[in-house]
Amino acid sequence: MQLEITGLTKRFGSFTANDRIDLTIEPGEIHCLLGENGAGKSTLMNMLYGLLDPDEGEVLIDGKPTTFATPGDAIQAGIGMVHQHFMLVPVFTVAENVMLGREQTRGLGLLNRPAAAKLVRDLSDRYKLAVDPDALVQDLPVGVQQRVEILKALANNAEVLILDEPTAVLTPQEIDELMSIMDSLRESGTSIVFITHKLREVKEIGDRITVIRRGKVVGTTQPTASESQLAEMMVGRGVKLVVDKDPADAGDAVLEISHLTVIDGRGATVVKDVSLDVRAGEILVLAGVQGNGQTELIKAILGLMKPAAGQISLAGRNITKHGPRQRLDDGIGYIPEDRSHDGFIGSFSVQENLVLDRYQHDTFSRGLALDLAAMAANARDRIEEFDIRTQGPHSPVSSLSGGNQQKVVVARELSRPIKVLVASQPTRGVDVGSIEFIHQRIIGERDRGTAVLIVSTELDEVFALSDRIAVMYDGRVVGIVSPDIERDEIGLLMAGAERSNAKTPEDDSEEASTDA
Amino acid sequence: MPDQGQSDEGGPPPSGSTVTKDKPAGGHRRADNKMAGWLPSVTVTFASIALALLVGAVLILVSDREVIESFSYFFSYPWDAFRSSASAIGESYKALVTGSVGSGGAITATLERAAPLICAGLAVTLAFRAGLFNIGAQGQLVLGAICAGYVGFHYDLPPVAHVVAALAAGLAGGALWGGLVGLLKARTGAHEVITTIMLNYVGAALLTYLLTKESFQQPGSDNPRSEKVAADATFPELLGVHSGILLALLAAVGVWWLLERSTVGFELRAVGANADAGRTAGMSVAKVYTLAMIVAGLLAGLAGAQQVLGHQDSLTANFGGSIGFDAITVALLGRATPLGTVLAGLLFGALSTGGLAMQASAASTPLALTQVLQALIVLFVAAPALVKAVFRFRESDDGGAVMAKGWNS
């Protein structure tokens, strides 16, 4: 099936989200749609899937004009979509989720579960998508849940599959698996529209690449284009993909974690006897596949989770017993891993979010009364300093793009005196331009003598920022290595390989000091 | 300190929940306060009121004997039917308006009805902004009235001191009942909807029980009715209106200042909109919940105190009517803002006094009609898609109807 879009336009009020988009998806190709957050990729796909009505333009299937009033029409026409946020019923099995909306019954309206399970098995054999049809969706890891979504689309005989930022939630291993699934789908003749803003993935799997910027098609190119060419098309100017950074001038240990053990609400030991030092003026990156205890370790450092054992010291003071507010006041700056979960308040204005953890200080309040003038002045300064693209200090943060939302969080945390910066996935879901900016600010903070602890699951970021790398696996720090380690080697550590194979800082001449 | 019952959620999120990340797609932004979805837009509010009056007009017609008769010979004298219809609707709504705001006496009655509605409405509004659904204004109000009333009729104090003491007792009683809910939520995670509903029953039962006690009955009587509060414990009158309305307006201004201009309100709104972000920013969610419910109880207590101290009244088993429940409607109609709550409270006050006049009018429309009107307004406000369809409003960005929402989901 050939899918063609001509002159598709969508306006929201005075804002043109899509401006005369032309796009052709040939049968059996992986067509990458590359663009920054807010460039209009999702709007385009929502029109294609019948979720939004185009204001102008046409969708042609095999040359015939077609309109989709609802997603049902789009599915009928052979278009399947895997949303960034999965549309699955967690308490249903895989087979039940796949048959949802198109249930087969045996007399008396009884569900024909065996048939559904068989369908799932057939499909997963044909496309090499290993899934257990009887598993409950809520018990499956994210990568497998995504496979269920793909199966759902395939069960509806989708010939064009739209994957909306499918890798945003996956671990490196799961991304590899997804890539091979996409490969086998392509071989069986299914076309894929792959929406992303990650250059590496586009080059790896794409057949053709269409770049969208500010609602317009900038151009279509081949995966042979270099990453910097693609980045420039996407952002509209030259982008430095490698961050400039001088060697670290590490001082004394500022954040000292010794023998920390954390047990979660379900009674599982998620952080096991972790000891780490983060020194002034260095960036220690905590690498590892998501879900290996990094989240809990960071929460324990912030005081959001109580450790079962161990001690946390900041600048020589034991802060294990301090609550979150006291720790923030002690000098911890914190950029959480999921900003919309606990990094900012979407309905609050930029101005309010910029003082979310400082409103009670003398700078921004007098007694019980907020000092609105001081808050406004602070907002003006931060918006300028951090180049936050907002309509004004009173716009709700939810109206900003992902990158600008993250800049609000970063601006807030870096604009108060801190001794240590703890940042979890500081550039997740952030566009290329903002990644560059945020990385520079983090390195700037290091050069000012702040101890920096970063959690990252993206190896690119790990190598871009780190002065030392600590690898976490299954709740333990399995190795502390220097950033000149090979990618493969760190991959092995992340997968839980024995530490003896990897280099440790003690072997490294650059690392003069050894920790007691 | 354990923040609250839910603090054990610190574990790794179930794999599925890590999906809710990153920038939401297209124009569909993720609202962090799920309860905010319950609040109507200003347009929808006014359209709902208009629509309710329209449906009310039909009800007036079918309940008017003369109109029904005139329709029986509609095809001979159609003019008759139109004339009688117009006069029935006109008479009724005219009576509704003049009965609520048409004269000094009417305005006084409206304001006195509105004052406790506003105070109790503020109790719901304030809690709502902290992310708590306070169904318990009724119970908090009853406790406030018990305490205010007892001080009012049992003690003998000098003039000004007496009313102040009675008022303070009322506030304290409400705050106690509200604070209990906050404390339970903060300490044990007990859901406030459940606890407030249950405490409503406890409050009502406590009142009934107390009214069987001698110290709460008039001397020489077995009736479940207390003594009247002492004259010097009642609110002074201003221009014929007891000063309760003044207190209500002061309370509204106070709540506005607290929410919008104070650090406490900043915390309260932050926790209400996104408790996780509040906790990460160092706020104590437990403290905020407790404080919000104490202040909410205080406001409901003020409503209760007004009911007994407004005039020289007795405490009876159903002195409070359904003010505490109407307050929920008032707060939602007022979009959980102090100003909106005041306006909605005045509207409901006017409807209930105007209803009496309507019954007495030439059309003798049943008093129940005003209750139907109130119910219709709320119904339409709760179904914005319906209102938008009737008035053909442009579809707003949130698209279609919002389906039922769970308390905690």
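1. A nonpolar core here is a set of buried Ala, Val, Leu, Ile, Met, Phe, Trp, Tyr and Cys residues joined through C-beta atoms within 7 Å. Buried means 20 or more other C-beta atoms within 10 Å of the residue's own; exposed means 12 or fewer; partly exposed is in between; C-beta atoms are placed from the backbone. The largest such core has 254 residues, and B:Cys119 and B:Ala123 touch the most other members. Its top contributor is helix α11 (residues 285-309) of chain B, with 16 residues. Helices (H or I, at least four residues) and strands (E, at least two) are DSSP runs, numbered from the N terminus. Apart from this core lies another, of five residues, including B:Val67 and B:Ala363.

2. This is a predicted model: local features need pLDDT of at least 70, side-chain atom pairs count only at pLDDT 80 or more, and totals for chains, interfaces and linings use all residues. Residues are numbered from 1 along each chain as its sequence is written, while chains are lettered from A and ligands numbered from 1 in the order in which they are written.

3. Contact means C-beta atoms, placed from the backbone, within 7 Å. Leaving aside neighbours within four places in sequence, B:Ala123 is in contact with B:Asn134, B:Ala137, B:Gln140, B:Ala296, B:Gly297, B:Leu299, B:Ala300 and B:Ala327.

4. Helices α1 (residues 42-62) and α3 (residues 78-101) of chain B pack at about 120°, axes 9 Å apart. Axes are lines fitted to C-alpha atoms, for helices over the stretch in contact; angles run from 0 to 180 degrees between N-to-C directions. On the α1(B) side the contact uses B:Ala57, B:Ile60 and B:Leu61; α3(B) supplies B:Ser85, B:Ala88, B:Ile89 and B:Ser92. B:Ala88 and B:Ile89 also belong to the five-residue core.

5. Chain A has an open sheet of four strands, ordered β14-β13-β16-β17, with antiparallel pairing. Two strands pair if DSSP finds at least two bridges between them. At the edges are β14 (269-279) and β17 (317-318) of chain A. Two bridges join β16 (residues 309-314) of chain A to β17(A). A:Ser313 has A:Asn318 as its bridge partner in β17(A). Helix α9 (residues 294-302) of chain A lies across β13 (253-263), β14 and β16 of that chain, at about 60° to β14(A).

6. Where does A:Gln360 lie? In the loop between α12 (350-353) and β19 (365-366) of chain A. A:Gln360 is partly exposed because 19 other C-beta atoms lie within 10 Å. Not counting residues up to four places away in sequence, A:Gln360 touches A:Ser365 and B:Thr263. A:Gln360 and A:Asp371, eleven residues apart in sequence, are 9.8 Å apart, C-alpha to C-alpha.

Notes:
Two residues are in contact if their C-beta atoms, placed from the backbone, lie within 7 Å.
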